[in-house]
Amino acid sequence: MFKVVETFSGIGSQAKALENIGIEHKILYTADWDINAIIAYDLIHNGKQDLKKYERLSREEIINKLNKYTLSMNGKKPATKRAIQNLKYDVIIRLLASIERTNNLVSITDVKGKQLPNDVDLLTYSFPCQDLSVAGFWHGNKGGIDREAHNRSGMLWEIERILKERVESNLQLPKFLLMENVSAILTNRHKQNFEEWTNYLKEIGYTNHIYTLNASDFGIPQKRVRTYMVSVFTNNNKDKENQVERFFEKNNLEKKEYVKSIISKHRNLEDDILKLNYKNKQYRKEACECQPNDTESRREIYKKNDILYTNNKVNNIIVSTVTTKQDRHPNSGLIDYVSKDSSKSNYRYLTPRECFLLMGFDERDFQRIIDNNFNSRKNEKFFTRDKLYKMAGNSIVVNVLEEIFKQIVYIEEEILTEKQSTTIDILKEQIKLVNSITSKEIKHPIFT
């Protein structure tokens, strides 16, 4: 059983990837403070909620339980107690149910090192990118991951705090850490801070390997370049460090030819992503909802962005990066679309459903959110179109994680686990024996 703590968990791309590759696993804890992502995660991974036991609680009792946590209405800043108090009953009951069903520790700032069990195999941390990204820089977010910036991307140092607390208490560290963020984290602006982080990990016994990967190389038709760092707890054992480094060198996910040789499934934009069959009432409804008003600014958007589908054919094989919004320039691309409403533009944006698919989720995952959506205000659903876009844009492409997790599990079984090391030694001896009999050198990918 592979045991995982999923911090900055969002809608759970890590859990989805582990499920897809058939790894027997258990998500011990999640940690996310955004109330929208908390409920969406629970619906995607656990399905319809059974609220019976929570219906026995009074509104005041539910609020008192929620007040133990640092929650956020938008993922940007903490919500006040008054804001939580003002939430509709249908929201708070589902929020509490989601927190408890997903073992959500909520805000990373409240997580204590001693809360994590000793047998964690993997801790993931995809901390916010807003203060690292180029777009964030344009909007004045220049603090990056500076320790004293006190911004969202600075949440990286909360992971350091948690690890330090475990070291100081003589508690076991996770076998693996996995970081994901925008590739800007490697630029000169952030280099010193990032090196400080990687050096600390080395100091406490981790061997780090950094990948910068594009989702389009992993069977998803989206140009999305992100940086990942796998940290393996080798405990300053030089032999294991060398084995880990050699493994990554020989199984390098940054080498396109190598990735081509291991990726068997590819999602096609026309057949697997775009929902162009408007005879389907749900697809047509979603398309109409993503058709902007015909204004001068929207005509400019049409001129400046890729037209993915026109004249009954797909023009682009790969879309631009899925971000947290589509009604803007730049966006991921446009689709020619004419409805009966003459006040609307002659195109539509990608729908939230299509954005979820471009992040590697299945229609079933998205449909679980839609089927369990509920009114948070009069005539307004809790999961609005804008919230769905944001959750997709903030997620991680599942297909990329699948290949990283395959490598992590291999390292855990064949390098870190002592009994498996014996198996490797036996295999080496078998290869030597066969070589001596056949006089032909046989190579194994891990040993070459």
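Helices and strands here are DSSP runs, numbered from the N terminus. Keep that in mind as you work through these exercises on a predicted model.

**Exercise 1. Find where Met155 lies, and list what Met155 touches.**

Step 1: Look for the elements on either side. Met155 lies in the loop between α7 (134-138) and α8 (156-168).

Step 2: Look for contacts, leaving out residues up to four places away in sequence. Met155 then touches Phe8, Ile108, Thr109, Phe127 and Pro128.

Step 3: Met155 and Ser126 are 29 residues apart in sequence, and their C-alpha atoms are 9.7 Å apart.

**Exercise 2. Decide whether Phe8 is buried or exposed, and describe its phi.**

Step 1: Phe8, one of the contacts of Met155, sits in the loop between β1 (2-7) and α1 (13-20).

Step 2: Apply the cut-off. Buried means under 20% relative accessible area. Phe8 has 16%, so Phe8 is buried.

Step 3: Check the backbone. Most residues other than glycine have a negative phi. Phe8 has a positive phi, near 50°, and is not a glycine.

**Exercise 3. Work out how accessible Asn103 is, and describe its phi.**

Step 1: Asn103 belongs to the loop between α6 (89-101) and β3 (122-125).

Step 2: A residue between the buried limit of 20% and the exposed limit of 50% is partly exposed. Asn103 has 36% relative accessibility, so Asn103 counts as partly exposed.

Step 3: The phi of Asn103 is about 50°, a positive value although Asn103 is not a glycine.

**Exercise 4. Describe the peptide bond from His329 to Pro330.**

Step 1: Read omega. For the bond from His329 to Pro330, omega is near -5°, and the bond is cis.

Step 2: Pro330 is in the loop between β8 (313-314) and β9 (334-336).

**Exercise 5. Classify Arg226 and Lys68 as buried or exposed.**

Step 1: Start with Arg226, in strand β6 (residues 225-233). Its relative accessible area is 14%, so Arg226 is buried. Its contacts beyond four places in sequence include Glu180, Tyr211 and Thr321.

Step 2: Turn to Lys68, in the loop between α4 (59-66) and α5 (81-85). At 61% relative accessibility, Lys68 is exposed.

Step 3: Look around Lys68. Together with Lys53, Arg56 and Lys65, Lys68 forms a positive surface patch.

**Exercise 6. Find what the buried residues of α17 pack against.**

Step 1: In helix α17 (residues 385-393), the buried residues are Leu388, Tyr389, Met391, Ala392 and Gly393.

Step 2: These buried residues pack against α2 (35-46), β10 (347-349), α15 (352-358) and α16 (363-371).

Key
Residues numbered from 1 in each chain as written. Predicted model: local features only at pLDDT ≥ 70, side-chain atom pairs only at ≥ 80, totals over all residues. Heavy atoms only, no water. Patch = residues over 30% accessible without salt bridge, like charges linked within 9 Å, V, L, I, M, F, W, Y side chains within 5 Å. Areas by Shrake-Rupley, 256 points an atom, 1.4 Å probe, with all protein chains shown as cover. Salt bridge = Lys/Arg side-chain N within 4 Å of Asp/Glu carboxyl O. Lys, Arg positive; Asp, Glu negative; His and termini not counted. Charge placed at Lys NZ, Arg CZ, Asp CG, Glu CD. Helix = DSSP H or I, 4+ residues; strand = E, 2+ residues; numbered from the N terminus. Buried < 20%, exposed > 50% of the residue type's maximum accessible area, 1.4 Å probe, protein only. Contact = heavy atoms within 4.5 Å.
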